[in-house]
Amino acid sequence: MRLVGGPLAAWQQRNGEATIPHCIEQLDVSGVLDNFRRLLGESDAEFRGLVFADSDLYKVIEAVAWEIARTRTRAFDSWLDDVIALVARVQEPSGYVDTWIQGVAPEKKFAALEWTHEMYVAGHLIQAAVALVRAAGRTDLLDVARRLADLLVERFGPGGEDRICGHPEIETALVELYRLTGERTYLDLASRMIDLRGHGLLPAGSLGAHYFQDHRPVRESTAAVGHAVRQLYLNAGVTDVFVETGDDSLLRAMDAQWNSAHDRKMYLSGAFGSRHRDEAFGDDYELPSERAYAETCATVADLLWTWRMLLADGGAGTARYAETIEREVHNALAAAVDATGTRFFYANPLQQRRDHHSEENAPRERAPWYVCACCPPNIARTVAQLSAYVATVTDGALWLHQLADAEIDLPAELGTGTVRMVTGYPADGRVEIRVEGDVVPGAELSVRIPGWSPRSTLVGPDGPRECGGDGYARAPLEPGARYVLDLDLTPRLTTAHHRVDALRGAVAVERGPVVYCVEQADLDAPFDVDDLAVLPAPITVGERDTLVLRCRVINAADGLYGPDTATEFGDEHAVTAIPFSTWGNRAPGPMRVWLPRAPRGGLQ
Ligand SMILES: [Zn+2]
């Protein structure tokens with residue numbers, strides 16, 4: 001699968017040319033590579049970064065691997081040679097490798113797993129190694145990863161110590177290593193990590209057992225709680241283990257969790273985590289815009305999990321998984337990186353006030369790097385493999401989950417041809433699907449019809465096909481055929497569930513899968529974006545993906561509180577809205593996704 005044109009392909013290009021080289025440079029600047037070199041006597045630097053700083057390197061290696069898969073580039077080969085050799089030289093004969101433990105606190109080796117992140121770091125090393133084999137056929141890092149995984153199996157596998165890591169990640173990594181190698185002990189260890197969780201093995205401390213999902217056994221955990229990234233990484237691993245073992249009790253818990261996270265705790269942008277403290281999910285419907293933590297990594301983690309839920313559904317499941325992925329990619333994930341590909345948000349609030357208070361992980365502007373640098377390399381590795389989310393093949397059908405300008409080479413079970421999607425989506429609602437080459441008789445095409453355009457039909461050689469109950473329209477996949485999908489991209493006003501107090505009486509603007517916002521930089525009149533209310537009037541499409549809303553200015557009240565009297569509305573103005581994904585690319589200033597709804601008259 002290849003993204004050929006349109007915004008996603010352009011983003012991948014920028015990721016390869018700017019984001020990945022920037023991340024590589026930051027590994028030196030931030031001290032991550034020196035943390036390895038100092039153990040070999042090749043650097044005098046002190047250890048720098050957080051205890052899991054090694055994972056920054058492993059995620060960048062994974063990003064490079066997917067970039068090689070995408071472009072066959074050789075530009076990173078010598079860098080890979082160097083850093084893989086560095087990791088291999090630091091690895092102890094036992095297989096252990098973790099520069100913070102080895103260089104700073106050797107007495108803590110496997111002794112304080114609730115916060116040392118040793119298995120989390122190991123998980124990212126394993127994932128990078130698996131990616132390099134799949135993408136480049138390169139096995140040198142795999143040798144390192146297997147030695148480490150074998151050590152974990154020996155020490156914590158069946159019959160070993162009952163221990164788990166404070167930060168999930170090892171689970172999904174071990175399943176991937178099992179898939180690559182066929183070595184069953186890796187899958188068994190992943191299962192064991194999941195079985196052991198929720199039994200109070202981690203000292204809860206002031207954060208509480210919810211923080212690392214150790215409050216309740218996984219099979220009984222039906223609500224997404226605690227540190228959002230940990231919960232969502234764990235769920236990716238749990239779903240992986242279900243896929244490999246068929247243990248339905250895991251899938252039942254994951255179904256309930258998925259509904260908890262997506263029906264009651266997800267921001268409109270596809271972000272998660274409404275609490276800065278503990279980087280945690282909030283309660284159901286607790287979704288404040290300006291205090292949204294909405295960590296970039298939580299969206300990445302949910303992409304990983306939701307994609308696995310789609311696959312667990314047979315790759316042919318309901319469209320809700322694919323539509324969630326689309327929302328996350330086009331909004332929360334896209335907003336996390338700037339137009340140059342070298343500056344990143346860690347927290348992704350849906351509103352910024354004029355006097356926004358910057359915090360370490362929630363700065364006013366995107367930053368080139370962070371002390372806790374989990375997010376930028378996570379963006380890099382995710383964007384490099386965006387094409388993987390486009391389609392699946394199952395039950396004799398090609399399923400197009402994501403609508404994008406892309407090419408898909410058919411696997412042998414469907415034929416020898418190529419299916420090409422030609423589209424300017426999401427700016428343009430027409431998607432043309434062309435089948436080139438041979439197709440086996442009886443093959444089918446299933447195309448997702450987005451929920452916001454339910455009446456759209458897939459028009460092929462034998463006429464229009466309506467959307468089925470699962471959100472996909474089906475037609476025979478025929479050689480030489482051309483199918484057309486015309487989606488309704490009329491801009492729409494969206495409201496939130498009445499229990500979301502922070503959004504009551506407010507509307508957001510969406511067009512297709514794209515969430516919009518109003519940024520102060522687009523207001524040339526002397527009023528504040530926080531004083532605007534949206535009229536229920538038609539929204540027009542402006543230049544370069546902008547929309548033009550009709551708004552009224554709310555006349556300022558006298559005090560913070562007052563009697564329950566009418567709100568006064570002033571003049572009507574045309575106001576430009578931009579895709580949320582593009583905000584913050586000019587001088588920092590106020591922005592908001594949700595605006596109050598205005599009445600048509602002058603007084604309410
Ligand atoms: Zn992060």
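Guide: Thr 540 has Val 548 of strand S18 opposite it. The model is predicted, with pLDDT of at least 70 required for local features and 80 or more for side-chain atom pairs, while totals for chains, interfaces and linings use all residues. Residues are numbered from 1 along each chain as its sequence is written, and side-chain values rest on heavy atoms, with hydrogens and water left out.

Strand S18 covers residues 547-554. Here strands (E, at least two residues) and helices (H or I, at least four) are DSSP runs numbered from the N terminus. Thr 540 belongs to strand S17 (residues 540-541), which pairs with S18 in the antiparallel sense over two bridges; two strands count as paired if DSSP finds at least two bridges between them. Five residues separate S17 and S18 in a hairpin, and in its turn Arg 544 has a positive phi of about 50°.

Strand S16 (residues 532-534) is joined to S18 by three bridges, with Leu 532 facing Val 553 as its bridge partner. Strand S19 (residues 569-579) runs antiparallel to S18 and is linked to it by seven bridges; Ala 574 in S19 is the bridge partner of Arg 550. In general, backbone hydrogen bonds pair the strands of a sheet, in either a parallel or an antiparallel manner.

How many of the eight residues of S18 are buried? Six are, and the strand is thus mostly covered. Buried means under 20% relative accessible area, exposed means over 50%, and partly exposed lies in between (1.4 Å probe, protein chains only). For the chain, 60% of the 604 residues count as buried.

The C-alpha trace spans about 75 × 65 × 45 Å along its principal axes. Among contacts (heavy atoms within 4.5 Å) between residues at least 6 apart in sequence, 67% join residues at least 24 apart.
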